[in-house]
Amino acid sequence: CVPSCSGSCGSDGCGGSCGSCPAGQNCSAGVCISPTICVPACGGKSCGDNGCGGSCGTCGSGQTCNSTGQCATATAFSCMGKANGFYADLTNCAKFHSCSNGIDWLYNCPSGLLWNSVVSACDWPANVQCGSSSGGGSSGGSTCTPQCTGKTCGDDGCGGSCGSPCSAGSV
């Protein structure tokens with residue numbers, strides 16, 4: 001056998017060695033290299049996979065990590081049969097639900113804001129009809145009244161629907 005070394009480390013092809021790497025380095029294709037250092041990717045995340053085999057954090061009791069790496073409270077509100085999107089909470093106007101592939105996530109609006117089903121966003125109380133006149137519950141906890149007047153399909157403002165799902169261009 002004729003030894004053949006194509007680099008500074010590794011096997012010579014005949015059972016011998018072309019050399020070894022300094023401490024902390026590995027031989028790859030005859031070249032000494034430093035091992036790849038994984039940098040965790042947790043920017044803006046409070047939970048979930050960090051991309052390096054670890055975690056960005058864990059959620060508290062009664063919470064689950066959602067797809068964006070945020071802890072959210074799973075609730076009894078059902079997204080079953082609902083399109084992906086945002087829905088008013090049935091009991092509290094300061095909360096809303098996000099349905100994503102049949103999974104429900106409950107969120108709180110920032111302090112001082114209430115969920116506005118018309119614009120699908122947290123909004124100033126003056127812009128939100130909350131309670132029995134508009135759906136979306138109340139800021140204090142009363143129930144939601146569906147708003148289906150003049151509608152044959154679509155969102156009722158309470159996380160349900162008016163009749164059947166809307167076809168394109170229907171209301």
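Mentor: Buried means under 20% relative accessible area, exposed over 50%, and partly exposed in between, with a 1.4 Å probe and protein chains only. This is a predicted model, in which local features need pLDDT of at least 70 and side-chain atom pairs count only at pLDDT 80 or more, while totals for chains, interfaces and linings use all residues. Residues are numbered from 1 along each chain as its sequence is written, and side-chain values use heavy atoms, without hydrogens and water.

Trainee: Is F96 buried or exposed?

Mentor: The limit for a buried residue is under 20% relative accessible area. F96 has a relative accessible area of 10%, so F96 is buried.

Trainee: How many aromatic pairs does a search of the whole structure find?

Mentor: Rings of Phe, Tyr and Trp (its six-membered ring) pair if their centres lie within 6.5 Å; planes under 30 degrees apart count as stacked, over 60 as edge-to-face and the rest as tilted. By this criterion, the search of the whole structure finds four.

Trainee: Of what kind is the pair formed by the rings of F86 and F96?

Mentor: The ring centres of F86 and F96 are 5.8 Å apart. Their planes stand at 70°, so the pair is edge-to-face.

Trainee: Which strand holds W115, the partner of F96 in another pair?

Mentor: F96 and W115 are stacked, with 4.3 Å centre to centre and 15° between the planes. Strands are DSSP runs (E, at least two residues) and helices are runs of H or I of at least four, numbered from the N terminus. The pair links distant parts of the chain, 19 residues apart: F96 lies in strand 8 and W115 in strand 10.

Trainee: Which residues form the largest nonpolar core?

Mentor: A nonpolar core is a set of buried Ala, Val, Leu, Ile, Met, Phe, Trp, Tyr and Cys residues joined through side-chain atoms within 4.5 Å. The largest one has five residues: A88, F96, C109, L113 and W115.

Trainee: Which residue stands opposite K95 in strand 9?

Mentor: Two strands pair if DSSP finds at least two bridges between them. Strand 8 (residues 95–100) and strand 9 (residues 103–108) pair in the antiparallel sense over six bridges. Opposite K95 stands N108.
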